[in-house]
Amino acid sequence: MFKSDTRMNNSAKLDIKCFRRFWRIRGIIFPGFPLTNLLMFITLLLLALFEELIIYQVGVVPSRFYEALENKDLTSFKEVALLSFFYIALNSFLKSGDSYLSKLLDISWRKCLTESLHTSYFRGKAYYQLSSMQEVIDNPDQRISQDVKKFCSQLSQMASKVVVSPFTLTYYTYQCFISTSWQGPVSLFVYFIIGTCINKLLMSPVVSAVVAQDKLEGNFRFKHMQIRVHAESVAFYRAGTMEHRSTNRHLQSLLQMQRHVVNREFWLKLFMNTFDYMGSIFSYIAIAIPIFSGLYDDLSPAQLGALVSKNGFVCIYLINCFSQLIDLSREVSDVAAYTHRIGELQEMLQKFSEEQAAQSIGENFESSWDLESSLDGGSELVPEAFSVVLVSFSVPGTDDDPLLEDLSLRLIEDHNILVTGNTGSGKTSLLRVLAGLWPTLQGKVFMFSCFGPRGIMFLPQKPYFTDGTLRNQVTFPLPEIFPVTEHDDERIIRFLKYVGLSCLLGRTGGLDEPVEWSWYNVLSPGEMQRLTFARLFYHQPKFVVMDESTSALTEETESEMYRMCGHLGITVLSVGHRSSLNKHHDCVLRLKGKRSWEFKQLHA
Ligand SMILES: Nc1ncnc2c1ncn2[C@@H]1O[C@H](COP(=O)(O)OP(=O)(O)OP(=O)(O)O)[C@@H](O)[C@H]1O
């Protein structure tokens, strides 16, 4: 496993680090251009503000009803009744608009954030490095798909409330001050400050527990995915019982953590409920102070009733604003937890990106396919793929124990090389070094060819199939924008036929028919290797590096594949164990274990 010096901080809290991470995410969900998200957010705020104004009008309607009824004034009663219907209709419209806009914002934020993470995740080989660093960054897939989704939806639901609350607080504090003098607002503010401090204390443990719960959630989902992907192997081993136990173990840890979260939330909720109910009592105390101190003694009963109703609403609403802020703590703790998980991923991806930028300075090969030279066909075909000069390497993170030392090797045109050696001697690792996936300890790999159809291509030990049509499998990894020529169909069909897979055309219904099934489930290992060869012939690179790519084929088919490579002018470096491979290669690199190796001509 890869090791990293950047250990992730497990004690996720609502602290300055959380705010810093949130601020970075803010830059992504509110990009400088286009301003769509910002405009949507401002509209949402205006809607929320307008909603608050209407709520105030609705809130003072009962006091007007009191006045009209006490004075037995029918005209004014009708007016108030009509007005209240209008306010209610307007309020419903504003509430629905608010919820509609916040959902749109949720989608738009999710798009920005996920796309930004995708950009860093698929840049260079970050996805590969992350997959080898599970102990540092758990479940990156869950962070990108689930945590981002929950982050955006929670944030969009609470954002307008948080931003609008200073305005409503100011307004209702002012109204409260008018009706209860300074005692009312001051006592309510003291009450709120004490509440916030207690809330902060109770919320921090919830944040770290939610982070841990999300990690276990990802592990549980991953276990199910593992069984789904390897269902056949599990069935062959009759390992259902064993896997059942293991999956239940994951579930148990998850549920245990969920219980832990619930326990911690209990105290938070207990406090929130107490705060809410105490708040409503407090609001009556705030109104009682001026009444009992004789401030309104000169008012008639009708006027006093209307005033109590109006002031009662103002104080209760002010308390309600405070309560709402405190109630938001559950959402805030969730958002803080997701902020940490997304932030950690961003930081790790940023680190990879910087490392890659530093590494690629001075290197003369591209990390992705060079399509330019394939397009214009004009670049020079280089007679040498790479040159390995006195290279030593080890599994990254175990630098003191090299797998191979002082290796020198060149792959030149028409000189096929076979790499053999015991299992675990470092054959695949050598290919990782050649492909730039692993760094070297000493020495250097000089790449003279680009990656791509006119350069060098790597066929990994485990065949890879993307989702999509049969054409997508053969032309992989060329992107859709790559021009497909009119000869393509003919070439694809010809190579499918050559590798003995023309039957696939019938099974899929044609080159461009989308298929629902997974290629891994329907193709045998031999068929997968044949399809990989069809892909190789289609691209017809100058050089190919193959890792046990014929292990599932018969010797006869293997010979046909190598014959076609020779016919198409593809120079091969193969990793393999079979002696039948010797005849297709000019020299052999034997990895002897314990860091040593030997290089020999095969046909003297
Ligand atoms: N990601 C990794 N983390 C830790 N150890 C690793 C990792 N990848 C490879 N190794 C170790 O490095 C050594 C060389 O592995 P490698 O895959 O190169 O062997 P190989 O010669 O290709 O074996 P085989 O013939 O079985 O494919 C092995 O001992 C393996 O366990």
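Select strand 3 (residues 417-421) and strand 8, which pair in the parallel sense over five bridges. Two strands count as paired if DSSP finds at least two bridges between them. Strands here are DSSP runs (E, at least two residues) and helices are DSSP runs too (H or I, at least four residues), numbered from the N terminus. Show L418: V588 in strand 8 stands opposite.

This is a predicted model, in which local features need pLDDT of at least 70 and side-chain atom pairs count only at pLDDT 80 or more, while totals for chains, interfaces and linings use all residues. Residues are numbered from 1 along each chain as its sequence is written, and side-chain values use heavy atoms, with hydrogens and water left out.

**The sheet**

Now widen the selection to the sheet. In what order do its six strands run? The order is 5-6-7-3-8-9, in an open sheet with mixed pairing. Strands of a sheet pair through backbone hydrogen bonds, either parallel or antiparallel. Look at the edges: strand 5 (456-459) and strand 9 (596-601) each pair on one side only. From one strand to the next, the twist averages 15°.

Walk along the facing residues:

- L589 has F599 of strand 9 opposite.
- R590 has E598 of strand 9 opposite.
- L591 has W597 of strand 9 opposite.

Then move to the turn. Strands 8 and 9 make a hairpin with two residues between them. Click K594 in that turn: its phi is positive, about 50°.

**Two helices side by side**

Select helix 6 (residues 183-229) and helix 9 (residues 301-327). Their axes come within 10 Å and cross at roughly 10°. Axes are lines fitted to C-alpha atoms, for helices over the stretch in contact, and angles run from 0 to 180 degrees between N-to-C directions. The two helices are therefore roughly parallel to each other.

Helix 6 brings L188, F189, Y191, F192, G195, T196 and N199. Helix 9 brings L318, I319, F322, L325 and I326. By class, that is nine nonpolar, three polar and no charged residues. Nonpolar covers Ala, Val, Leu, Ile, Met, Phe, Trp, Tyr, Cys and Pro; charged covers Asp, Glu, Lys and Arg; the others, Gly among them, are polar.

Zoom in on N199, in helix 6. Is N199 buried or exposed? N199 is buried, with a relative accessible area of 6%. The cut-offs are under 20% for buried, over 50% for exposed and partly exposed in between (1.4 Å probe, protein chains only). Leaving out residues up to four places away in sequence, N199 touches L268, F271, I326 and S329.

**Salt bridges**

Side chains of opposite charge can pair when their charged atoms come close. A salt bridge here is a side-chain nitrogen of Lys or Arg within 4 Å of a carboxyl oxygen of Asp or Glu. A search of the whole structure finds 22.

Start with K111 and E115, whose salt bridge is 3.4 Å, N to O. They sit four residues apart in helix 3 (residues 74-121), about one helical turn. E115 is partly exposed, at 43% relative accessibility.

Next, select D138 and R143, joined by a salt bridge of 2.7 Å, N to O. D138 is buried at 9% relative accessibility, and R143 is buried at 1%.

Last stop: D512 and R471, with the closest N and O atoms of their salt bridge 2.7 Å apart. D512 lies in the loop between helix 15 (503-508) and helix 16 (519-522), and R471 lies in helix 13 (residues 470-475), so the pair ties together parts 41 residues apart in sequence. D512 is partly exposed at 45% relative accessible area, whereas R471 is buried at 13%.

Technical notes
Angles under 35 degrees count as roughly parallel, over 145 as roughly antiparallel, 65 to 115 as roughly perpendicular and the rest as oblique. Contact means heavy atoms within 4.5 Å.
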